Amino acid sequence: MWRHEVLSMAPEYAKMAGRSGRLSNRVLQARPMKNLICLIAIVAQGCFSGAMLLVAAAIVPGWYALASLDYRVSFQALGPYIGQYMIPLMLASILLPAAGAYVDKPHRRQWVVAAVLVGIIVPLYGIFSAPVNDLLLGNVPLSDQEIISNRAKWSFWHGVRTVLGTSAFCVSLKGRVS
C-alpha cells in the first residue's frame, strides 16, 4: 500500500505507515485478527446471554405453571441439555473477552469487566445452582414443599446469573458498535 493511499484511509494508518510509506505485513495481519477475536468474543457473549434470557423468559415461567412433581420431571428432562450448552458458552464468555482484552488495548477495560462479570457467575453457579441441580436431578424423594422451594431458589439465582451475563454482553458491545 502506498503512502498517499494510506493517508486517505485514516490518520491512524498513516502513523503506522512510517517513513517507508508501506504498511508492514504485521500491521496488516494483526488488525483483522484483532477484529475477528473481538467479534467472536461478542458473539459468544451474545449467545450466552441470549441462552440465559431464553431460559429465564420461556422455560422458567413454564416451570412455574407446572405442579411440583411435573416440574421435577421437566427439570430432569431439560436440565442436562441446558447445562450441556450453558457451561461451554459460559467458559467461552470468559476466555474470549480475556483474549479481547489482550488484543484490543483501547477497549481493554470493557473486555476485562465483561470477563469478570461472567466470571462472577462461575462461583454463583457452584455455590447456589449446582447443589439445587443435583438435588432436583437426583432420585432422592422430595416433598412438594422442597421442590417448590428449590424451584424458587434456582429461578432466583438464574435471574442473577442472567443479569450478570446480559450486563457482560452490553459492556462488551460498548465502544465496539458505532
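A crossing is called left-handed if the near helix is turned anticlockwise from the far one by less than a right angle, and right-handed if clockwise. By that rule, helix 4 and helix 6 cross in a left-handed manner. The model is a predicted one.

**Helix packing**

Helix 4 covers residues 68-103, while helix 5 runs over residues 108-137 and helix 6 over residues 144-173.

| Helix pair | Axis distance | Crossing angle |
|---|---|---|
| helix 4 and helix 5 | within 9 Å | roughly 160 degrees |
| helix 5 and helix 6 | within 9 Å | roughly 165 degrees |
| helix 4 and helix 6 | 9 Å | about 55 degrees |

Angles over 145 degrees count as roughly antiparallel. Helix 4 is therefore roughly antiparallel to helix 5. The crossing of helix 4 past helix 5 is left-handed. In the contact of helix 4 with helix 5, 20 residues are nonpolar, 5 are polar and 2 are charged.

Helix 5 and helix 6 are likewise roughly antiparallel to each other, and helix 5 passes helix 6 in a left-handed crossing. Their contact is made up of 19 nonpolar, 7 polar and 2 charged residues.

How are helix 4 and helix 6 oriented to each other? Helix 4 and helix 6 pack at an angle of about 55 degrees, and they are therefore oblique to each other.

**Length and bends**

Helix 4 has 36 residues, which at 1.5 Å a residue should span 52 Å; its end C-alpha atoms lie 49 Å apart, in agreement with that value. Where does helix 4 bend? The bend, of about 35 degrees, is at L78, and the proline P80 follows within four residues.

For helix 5, the 30 residues should span 44 Å at 1.5 Å a residue, and the 40 Å between its end C-alpha atoms agrees with this. Helix 5 has a kink of about 50 degrees, centred on Y125.

**Aromatic pairs**

How many aromatic pairs does a search of the whole structure find? The search finds 7. One of these pairs joins Y71 and F75, whose ring centres are 5.8 Å apart and whose planes are 50 degrees apart, a tilted arrangement. Y71 and F75 are about one helical turn apart, because 4 residues separate them in helix 4. An α-helix has 3.6 residues a turn, so residues three or four places apart point the same way.

Conventions
Residues numbered from 1 in each chain as written. Predicted model: local features only at pLDDT ≥ 70, side-chain atom pairs only at ≥ 80, totals over all residues. Heavy atoms only, no water. Axes fitted to C-alpha atoms, helices over the stretch in contact; angles between N-to-C directions. Helix = DSSP H or I, 4+ residues; strand = E, 2+ residues; numbered from the N terminus. Parallel < 35°, antiparallel > 145°, perpendicular 65-115°, else oblique. Nonpolar A, V, L, I, M, F, W, Y, C, P; charged D, E, K, R; others polar. Expected span 1.5 Å × (residues − 1). Bend = angle between axes of the 7 residues up to and from the residue. Phe/Tyr/Trp six-rings, centres within 6.5 Å; stacked < 30°, edge-to-face > 60°.
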